[in-house]
Amino acid sequence: MYRLLIVDDEANIRNVVREYAEFEEYEVCEAENGMEAVKLCRDQDFDLIIMDVMMPRLDGFSAVKEIRKKKNTPVIMLSARGEEYDKLFGFEIGIDDYVVKPFSPKELMARVRAVLSRHNTASPSEHSSQKLTFEGLEIDLAGREVYVDGQRASMTPKEYDLLFYLVKNKGLALTRDKLLEEVWGYDFFGDDRTVDTHIKMLRGSLGVYRKYIVTLRGMGYKFDAEI
């Protein structure tokens, strides 16, 4: 049974989400603010966190940053603010999805199922448990680790997902729509700028080896190991 942590300072929202989650047979735990969520995540493991952005004591974005220092639990953010800046900032710190209030509980549960499915199928298969080396760039697919000239790169979960997908399809031209579908999921409500933002972040993490991620003007990107 999957364990969900619902974090929101509004009790009625927690109650509604809990009702629908328990109907889907998820085990549910609640927190009223970001500080409480961080403490719970230190002591317990959850399969997914539904986190509000605007909360007292510690906001959702700050809570996610703290949780990400220790755990890679998938996160769906809830917010009354639907500005693009807030969404992109959320994805930059590693969230998996962003839902704007007011929301449909049924749609939220569909997103929960999709994120859990992507997270569980993202585990490296037996044939991908290898380490790839491109000059000073080392990529451990099984261990989800990347080293740049011997130093471990610090990247968000989505940067890892994006790099690994590009590497597994090295040499192939990948459209932005294809990357959105495969890395973010078919149900993700994003656009080309989401891909471009994460490519920019990924290139920054790779340093001089950003050269391997080639922009295909007007189309998308590819990982070119022949450069």
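Reader: How do α7 and α8 lie relative to each other?

Author: This is a predicted model, where local features need pLDDT of at least 70 and side-chain atom pairs count only at pLDDT 80 or more, while totals for chains, interfaces and linings use all residues. Residues are numbered from 1 along each chain as its sequence is written, and side-chain values use heavy atoms, leaving out hydrogens and water.

Start with the pair itself. Helix α7 spans residues 176-184 and helix α8 spans residues 192-206. Helices here are DSSP runs of H or I, at least four residues, and strands are runs of E, at least two, numbered from the N terminus. The axes of α7 and α8 are 9 Å apart and meet at an angle of about 75 degrees. Axes are lines fitted to C-alpha atoms, for helices over the stretch in contact, with angles from 0 to 180 degrees between N-to-C directions. So α7 and α8 are roughly perpendicular to each other. That label covers 65 to 115 degrees; under 35 is roughly parallel, over 145 roughly antiparallel, and the rest oblique.

Next, the residues that touch. On α7, the contact is made by Arg176, Asp177, Leu179, Leu180 and Trp184. On α8, Asp192, Thr194, Val195, Asp196 and His198 make it. Contact means heavy atoms within 4.5 Å. By class, there are 4 nonpolar, 2 polar and 4 charged residues. Nonpolar means Ala, Val, Leu, Ile, Met, Phe, Trp, Tyr, Cys or Pro; charged means Asp, Glu, Lys or Arg; the others, Gly among them, are polar.

Lys158 lies in it. Lys158 is buried, with a relative accessible area of 3%. Buried means under 20%, exposed over 50%, partly exposed in between (1.4 Å probe, protein chains only). Leaving aside neighbours within four places in sequence, Lys158 is in contact with Ile95, Asp96, Val183, Trp184 and His198. Trp184 and His198 also take part in the contact of α7 with α8. The Lys158 side chain reaches the backbone oxygen of Val183 at 3.5 Å.

Glu159 sits in α6 too, which runs over residues 157-168. It is buried at 4%. Beyond four places in sequence, Glu159 is in contact with Met201, Leu202 and Ser205. Its side chain makes a polar contact with the Ser205 side chain at 2.7 Å. A polar contact pairs N or O atoms within 3.5 Å; within protein, one must be able to donate a hydrogen and the other to accept it, and residues adjacent in sequence count only if both atoms are side-chain atoms. The Glu159 side chain also reaches the backbone nitrogen of Leu202 at 3.5 Å.
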